[in-house]
Each structure stands twice: as C-alpha cells, then as structure tokens.
Amino acid sequence: MLQPVKKTITLPDGREITIETGKLAKQADGAVEVRMGNTMLLATVCSAQEAGEGVDFMPLTVEYKEKYASIGRYPGGFQKREGRASDYEILTSRLVDRVLRPLFPEDYHADTFVNVILFSADEHDAPDALAGIAASAALACSDIPFNGPISEVRVARVGGEWVINPTFEQIEEADIELMVGATYDNIMMVEGEMNEVSEAELLEALKVAHAEIKKHCVAQIELMKEAGKETKRVYCHEINDEELRKDVHDKCYDKAYAIARTGTPDKHWRAEQFDKICEEYIEQLPEMTEADLEKYTADQRIAMVKRYYHDVEKEAMRRCVLDEGIRLDGRKTTEIRPIWCEVDYLPGPHGAAVFTRGETQALVTTTLGTTLDEKIVDDVLNQSKERFLLHYNFPPFSTGEARPQRGVGRREIGHGNLAHRALKRMLPDNFPYTCRIVSDILESNGSSSMATVCGGTLSLLDAGVKMKRPVAGVAMGLISDKGNVKYAILSDILGDEDHLGDMDFKVTGTTKGITATQMDIKCDGLSYEVLERALNQARDGRLHILNIINETIPAPREDYKPHVPRLITIEIPKDMIGAVIGPQGKVIQGIQEETGATISIDEDEKLGIGRVEIASKDKASIDAALAKIKAIVAQPEEGEVYEGTVRSILDFGAFVEFMPGRDGLLHISEISWDRLENIEASGLKEGDKVNVKLIEIDKKTGKYRLSMRVLTPKPEGYVERESRPRREGGDRGPRPRRDGDRGPRQGGDRGPRQGGQRTFKHNND
C-alpha cells in the first residue's frame with residue numbers, strides 16, 4: 001500500500017513547489033518527484049554498497065535529462081527518440097554536481113548515480129532551477145550518507161525587483177541572473193551573468209537567494225524525518241593506519257614545505273619535486289610484518305601512503321600561504337602573473353589573438369558570418385537560433401599529457417558557457433553578423449576559462465567588432481584554517497591552488513561592472529565579508545588586465561579585414577517577402593546568380609516585417625543585389641520614370657514590365673507624338689529596353705498606364721486629337737444589328753442567345 005510523503009514550499013510570488021516521495025521509483029535508494037505548476041521532475045539516486053578496488057575518490061555521476069514528451073513534442077532525427085545530452089542538459093547536470101560533490105563524506109567512495117528526469121514542462125517555468133532540490137531531496141530520502149540537504153534557486157532582478165525562479169520571459173528582461181546552490185548554513189556554488197553590475201549588487205543577489213534556500217532545506221529535513229530516512233548506511237571504504245599516517249607526516253612535511261616556499265613558477269618542476277618526496281618515502285618503507293599483512297596488502301599500504309602524502313602536501317602549501325604569505329610560484333596574494341598578448345596573430349581568421357598569463361595560454365579566433373551561419377537550437381524547451389557562439393577546446397598537450405583527445409567533454413562545455421556569458425552582453429546592439437569565437441588552450445595552469453574571456457575580447461577587437469567595452473576575467477582562490485579565523489584571498493590562482501584551496505571564484509567584467517561569475521566553495525562557514533573582499537580584490541585584478549588589453553589594442557579596428565564578408569540588412573514589408581523569394585525561390589536565386597551576393601530573408605512576426613540580409617566580399621555585388629531587391633519591393637508612383645522591358649506586342653500597343661513583376665500598358669497613342677497607323681510602325685519588339693513614365697494608376701483595378709511620348713518634347717503646333725466620347729457607364733452599349741450578325745443582344749447583355757442556342761459570352765470591350 002502506498003504511503004507517500006509530501007511537502008510544500010511557497011515561493012515569494014505565491015507559486016508552490018511540492019516534493020513527494022514514496023510513490024514512484026521505489027526500488028531506487030531514494031526517489032522524489034518535484035512539481036511547480038505544470039513542471040514535474042523525477043529524481044532518483046542509487047549508490048553501490050562497496051567501493052571499487054583502489055578507488056580513493058568520490059565517483060559521483062549526475063545526469064539531467066529532458067523528455068520531449070514533457071512538452072508534447074517529437075524528437076528530431078530519423079530515430080525519433082532522445083539521444084545524447086544537449087549542452088543545456090550537460091550544463092544543468094554540472095550545476096547539480098558542483099553542489100553535491102563536496103558534501104559527501106571524504107571517505108565515501110562508492111559509485112553513486114543521481115538521475116533527474118523532466119517528465120512534464122510548460123513554456124514558462126525553467127526546470128533547471130528545480131533540479132538541485134530534486135537531487136538533494138532524493139538523497140535525503142535515501143540511506144546514502146550525505147552532509148546536506150542543499151537546494152538551488154535562480155535569482156533574477158527584473159525591473160529593480162528580485163524574483164526567485166523567474167519565468168523564461170522574466171529571465172530575458174533581467175539585468176542580473178544567477179543560479180545559487182547552498183546548504184542551510186553556506187553558499188556552495190554560484191553561476192550567472194549580469195549587465196555590468198557592482199560587487200554590492202552581486203552580494204545582495206546572493207543573500208536573497210540564500211534566504212530562500214534555507215526554506216527549502218527545512219522542508220527536506222522534515223520530509224526525510226517523515227519518510228523515516230534519518231539513519232544512514234554504515235560503510236567502510238578506506239583502510240587506514242594511523243601510525244603510518246603520522247610517520248608520513250613526520251618524515252615528509254618539512255620537505256614538502258621547503259618545496260612549497262621555493263616560489264618557483266614552473267609547475268612541472270614543482271610536481272616532480274613533490275612526487276620525489278613521496279617516492280623516496282616509499283622506497284625506505286620496511287618489509288611488512290605478518291601482523292601488517294593481516295590488516296592490508298603491500299599495494300594497499302602504498303595507496304595509503306600516497307593518500308596521506310597528498311594531505312601533507314596540501315597542508316604544507318596552505319600553511320606556507322597562511323603563515324608566511326608565500327604562494328607556490330612566489331607571488332604576493334594580490335599579484336597577477338606576467339601577461340603578454342598579441343593580436344592579428346593569424347592571417348586567415350577574421351580576428352585572432354594570443355593571450356598568455358603565466359603558464360596559461362589561449363589562442364582565440366573570431367569568425368564573422370551571415371544569418372545562414374546561425375546555430376539552430378532544437379532542445380525540448382528551446383527552439384531558437386543563436387547568433388553568438390563560443391567554443392572552448394582543452395587538448396591534453398596543454399598540460400603535457402600523452403593521451404588522445406576524444407571529443408568535447410563536460411568541462412569544455414561548462415568553461416565555454418562561462419566565457420560566452422561573460423562576453424555576449426558586450427557585443428554591439430543590432431550587430432548584423434553571426435559571430436563564432438573559438439578558444440584553443442595551448443597551455444594550462446589555472447583559469448583557462450578566464451584566459452578565454454581575455455583572448456576573446458582581443459580577438460573581437462582584432463576582427464573590428466565595436467564592442468561596448470572590453471571584458472577581462474580573473475580567478476580568485478581562498479586558503480583558510482578551521483573556522484576561517486585566518487585566511488588568505490589569492491588573485492589569479494594556479495591549478496594547484498585551485499585543487500588544494502577552499503574556493504574557485506571566477507569573476508569577469510568591464511571597467512564599469514561585472515558581466516559573469518562562477519564560484520565553487522569547498523569549506524564551511526564562508527562569510528559575506530570574505531566574499532566581499534574577494535570581489536573587491538577581483539575587481540583590482542580585472543582592471544589590471546584590462547589596462548594590458550588596452551595597451552595591446554586600444555580600440556577595435558577601424559574596418560573589418562578584407563576577407564570579412566560585408567553585410568547590409570534592410571527591412572521590407574511582410575507581404576513583399578514572397579515577391580523577393582519568387583515562385584520556388586527563382587527570383588532570389590536569380591539575384592544571387594547574377595550578382596554573386598548571398599541573400600537570406602527572415603520574418604519578424606512581432607513587427608510584421610521581413611529582414612533581408614545581403615552579404616558579399618565585393619561591395620559592387622551588394623549594391624547590385626540591393627538595387628534589384630529595392631526594385632522588387634518598391635511601390636510604383638505616378639509621375640515616376642522607369643526603365644522597362646517590352647514583354648508583349650499587341651495591335652493596340654505593348655505591355656512593358658517597368659518594375660519586377662509589374663506590367664503596364666503602353667498604348668499605341670502614347671508611344672509617339674506622331675499618329676501611328678499600326679504597332680509595327682513604332683519599331684518596338686519584345687525584349688526592347690525602353691524608358692517610360694507612369695501616368696496613371698487605376699485605383700479600382702490596380703492597372704498601370706505608361707507613356708513614352710511624354711518623355712520627348714511636344715512638336716510645335718501639335719494639336720491633340722479629340723478623343724471619342726465614352727458612352728454612359730463607360731460601356732460601348734449594344735451594337736446596331738448588321739447583316740450576318742449573330743442575332744440580337746438583349747440590352748447589351750452577355751446572356752444566352754435566342755432560339756435555345758448554346759450560351760457564350762461576348763467581350764464587348
């Protein structure tokens with residue numbers, strides 16, 4: 001018999017989040033369904049009872065998946081089923097993973113899988129804001145040891161007001177948009193983008209989000225108790241020998257401390273020296289006794305030594321910073337590593353730059369394209385086009401590793417997304433190009449994503465993109481003792497300082513304010529005072545880097561490079577789109593073939609207009625295509641003179657195409673001031689080019705009357721022939737009957753003839 005347990009959380013705007021367990025997926029270690037409006041997520045968690053052999057880390061996997069059926073859509077492709085994870089799903093998985101991972105016990109090493117599935121959705125509420133609370137609640141309702149609960153909320157400022165878990169429409173209008181993950185006591189993760197806001201405004205957003213998260217944590221604790229899941233499983237995933245731990249510390253700490261305080265910037269040298277200490281200790285280990293062999297094997301002893309030595313190395317580095325203010329590479333805590341950068345580094349790309357900071361180097365290129373180069377996004381809840389793309393590549397050789405590169409990993413997608421958010425708001429308004437930035441990391445020792453932001457700015461400026469303001473980024477670190485009584489904030493952290501430290505806080509921005517941030521915190525009890533100091537120190541570092549960028553390239557190039565396609569965009573009436581395209585695309589294809597330009601048309605349904613984009617490396621091609629399109633969409637005006645083409649010759653005149661798709665009658669009497677007995681006397685032939693004047697537009701029929709003679713001087717003494725008066729109503733009326741006529745007309749009617757003969761109509765015009 002089902003015995004579900006449910007808890008309800010009310011958001012500040014009155015919407016409700018419900019968490020329920022005990023109804024679905026009951027064979028998982030923990031399972032909950034989370035609902036808000038029409039959105040429903042199912043989160044499950046399963047963890048192995050034993051750790052894998054030799055595993056000394058937390059093997060956690062978080063998967064977020066969206067079902068197309070959740071919004072009543074079919075997947076694309078031939079198979080019509082969900083395939084590999086989209087970028088959005090990967091980014092959401094990372095958001096959840098980064099909060100959960102630090103909260104498992106350090107000695108828990110069992111394979112653990114968290115799956116969050118979107119089963120129902122609508123077009124308004126963003127489901128990623130609910131994935132964190134769903135995963136945490138599933139863990140709370142299991143026997144898996146976890147130092148939570150946590151929750152994640154999105155906080156946005158819309159029209160000056162803070163909104164928790166805003167709708168998609170509100171996100172578009174927000175000038176601050178952050179995803180914040182936290183426990184009841186501590187903020188653990190932050191990621192988001194801003195429109196050049198101050199450090200104080202960012203801190204205010206964090207406080208608003210954390211206040212809401214506390215409510216979510218209380219609800220999960222109550223759910224856990226009512227579900228009877230307060231007791232967690234007993235496990236033993238590590239073999240420890242405290243005497244061995246002490247011996248490793250006593251014999252290795254001083255040596256490790258000496259390496260840590262050398263202040264050598266070469267990370268490979270430091271790594272070799274640190275490894276040498278451990279190797280020398282292992283070599284002098286005595287033979288294992290029978291008593292030792294009863295407790296663990298020789299391989300297990302070596303694994304313990306390496307684990308204990310890692311802790312020694314971590315302590316030595318941290319104490320060196322806290323006690324002496326000496327960092328691994330010898331810098332001061334506020335000092336940025338030496339920077340050199342160069343623009344126009346490659347001749348082929350539209351923009352190219354190298355940005356090097358210490359042992360981190362990014363080669364960044366910019367490519368400018370047309371509307372045809374836009375990325376088409378066909379996710380479950382997002383069907384759109386992206387005009388600004390940023391791709392980040394992290395090849396193994398950047399860290400000196402000898403291994404193959406197998407596609408793009410989650411790390412590349414996450415780092416690229418942060419750089420994308422940092423730069424996108426600084427592109428010019430109404431920028432006509434599709435823009436793609438590619439950052440290839442050639443060396444890495446700390447904060448390659450921030451090097452991507454700096455290199456991206458340089459590359460855009462080198463391409464001639466008129467950015468609103470240059471953007472730079474810096475990664476901040478933290479070293480603290482227990483309780484944060486003593487701490488040091490580090491600017492521009494190294495890879496080892498990230499790995500062995502307590503915080504990785506990336507901040508990007510301009511001289512005016514912050515544009516994006518990403519933060520992961522690994523310690524408890526980090527106060528807002530520490531965060532404020534870190535933000536202010538980050539601003540100083542950012543401004544230092546911006547000065548160097550400004551010295552390298554003070555302003556965008558005056559013009560694009562010669563091989564950049566030139567673009568112009570014009571707006572046309574919506575009802576003229578079909579005329580420009582033509583039947584089966586013949587008109588637009590013909591213009592492209594004749595001019596060599598590339599033309600694309602996009603309809604703006606909101607404004608009721610069409611946008612025509614014309615691109616070519618040759619200005620003459622653009623001008624020619626533009627003239628043809630303007631001719632198609634132009635409206636005929638009485639009194640205007642046009643160059644037309646004779647399309648057909650008739651007894652009473654000629655039809656002339658004076659504008660694309662528009663024919664007018666050139667009556668025989670309007671060809672010349674002389675009286676022409678027949679059309680042959682005019683000398684006109686089909687295909688002739690003639691100048692004509694539009695002398696009349698019939699408002700009722702929309703027909704056009706043209707004239708050639710009015711474009712020539714009237715002969716002296718010319719007398720206009722008296723025109724034959726039209727009959728009343730403009731009709732010629734019934735004809736008088738003549739011999740051989742087909743019978744009497746009934747009042748000029750076109751009806752049936754007398755005598756029961758067949759019906760036919762007579763054209764009496």
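K619 is exposed, at 58% relative accessibility. In this predicted model, K619 pairs with D623 in a salt bridge whose N to O distance is 3.0 Å. D623 is partly exposed, having a relative accessible area of 37%. Both residues belong to helix α15 (residues 619–633), where a spacing of four residues puts them about one turn of the helix apart. Elsewhere, salt bridges with shared partners connect D128, R154, E177, E193, R421, K424 and R425 into one network.

Side chains of opposite charge can pair when their charged atoms come close. A search of the whole structure returns 62 salt bridges, and two further pairs can be followed here.

One of them lies in helix α8 (residues 298–324), where D323 and R319 are four residues apart, separated by about one helical turn. Their side chains form a salt bridge at 2.6 Å, N to O. D323 is partly exposed at 42% relative accessibility, and R319 is partly exposed with a relative accessible area of 22%.

The other pair is R73 and D378, whose closest N and O atoms are 2.6 Å apart in a salt bridge.

Notes. Residues are numbered from 1 along each chain as its sequence is written. This is a predicted model: local features need pLDDT of at least 70, side-chain atom pairs count only at pLDDT 80 or more; totals for chains, interfaces and linings use all residues. Side-chain values use heavy atoms; hydrogens and water are left out. A salt bridge is a side-chain nitrogen of Lys or Arg within 4 Å of a carboxyl oxygen of Asp or Glu. Helices (H or I, at least four residues) and strands (E, at least two) are DSSP runs, numbered from the N terminus. Buried means under 20% relative accessible area, exposed over 50%, partly exposed in between (1.4 Å probe, protein chains only).
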